[in-house]
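Please look over the fold, the sheet and the core of the protein shown here. A short report goes with it.

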Amino acid sequence: MTERTEGEVRAVLPTDLVIRVNVTLTNDPCALCGEPTDPTGIDLYLLADKPALVCHACGFLHAPALVRLLDLASAANTFVRAEYEMSGVQADEKHS
Ligand SMILES: [Zn+2]
């Protein structure tokens, strides 16, 4: 690994970002730009000392493939929810 000095842009590798289910539904500011993040069910996190939320704009900048996956996941989620509603099934993920 080459040593890198801290520039004005924080070096973030695509592998530093992960998709996680946001169970606490926080809307903490983005760890990279400080913008408020969307408290949806599935979010991007920056793996550091402790996982920190990352907004979609920063995620797209550093790991576009992950953001596309997130978009796919939320599109599928919306689709499934609509299907459930049409057939009258309770879509809340509370059934055990
Ligand atoms: Zn950001």
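**Model and confidence**

This is a predicted model; local features need pLDDT of at least 70, side-chain atom pairs count only at pLDDT 80 or more, and totals for chains, interfaces and linings use all residues. Residues are numbered from 1 along each chain as its sequence is written. The pLDDT is the predictor's confidence in each residue, from 0 to 100. Its average for the protein is 79, and 79% of the residues score at least 70. Strand S2 has the lowest confidence, with a mean of 83, while helix H1 (residues 56-62) has the highest, at 91.

**Fold**

Two helices and three strands make up the secondary structure. Helices (H or I, at least four residues) and strands (E, at least two) are DSSP runs, numbered from the N terminus. Along the sequence the pattern reads β-β-β-α-α. Two residues are in contact if their C-beta atoms, placed from the backbone, lie within 7 Å. Among contacts between residues at least 6 apart in sequence, 40% join residues at least 24 apart.

**Sheet**

The three strands build an open, antiparallel sheet in the order S1-S2-S3. Its edge strands are S1 (17-21) and S3 (52-54), each pairing on one side only. On average, neighbouring strands are turned by 50 degrees against each other, direction ignored. Helix H2 (residues 64-86) packs on this sheet and touches S1 and S2. The direction of H2 makes about 160 degrees with that of S2. Axes are lines fitted to C-alpha atoms, for helices over the stretch in contact, and angles run from 0 to 180 degrees between N-to-C directions.

Strands count as paired if DSSP finds at least two bridges between them. The two pairings are set out here.

| Strands | Bridges | Direction |
|---|---|---|
| S1 and S2 | five bridges | antiparallel |
| S2 (residues 42-46) and S3 | three bridges | antiparallel |

Arg20 stands opposite Asp43 in S2. Tyr45 has Leu53 of S3 as its bridge partner. A hairpin of five residues links S2 to S3.

**Core**

A residue is buried if 20 or more other C-beta atoms lie within 10 Å of its own, exposed if 12 or fewer, and partly exposed in between, with C-beta atoms placed from the backbone. Of the 96 residues, 17% count as buried. A nonpolar core is a set of buried Ala, Val, Leu, Ile, Met, Phe, Trp, Tyr and Cys residues joined through C-beta atoms within 7 Å. The largest one has 11 residues, among them Leu17, Leu44, Leu46, Leu53 and Val67. S2 and S3 are the elements that give two or more residues to this core.

Leu46 touches Val12, Asp16, Leu17, Ala31, Leu32, Ala52 and Val54, leaving aside neighbours within four places in sequence.

**Val67**

Val67 sits in helix H2. Why does Val67 count as buried? Because 20 other C-beta atoms lie within 10 Å. Val67 is in contact with His56, Gly59 and Phe60, not counting residues up to four places away in sequence. Leu44 is 23 residues from Val67 in sequence, yet their C-alpha atoms are 7.9 Å apart.
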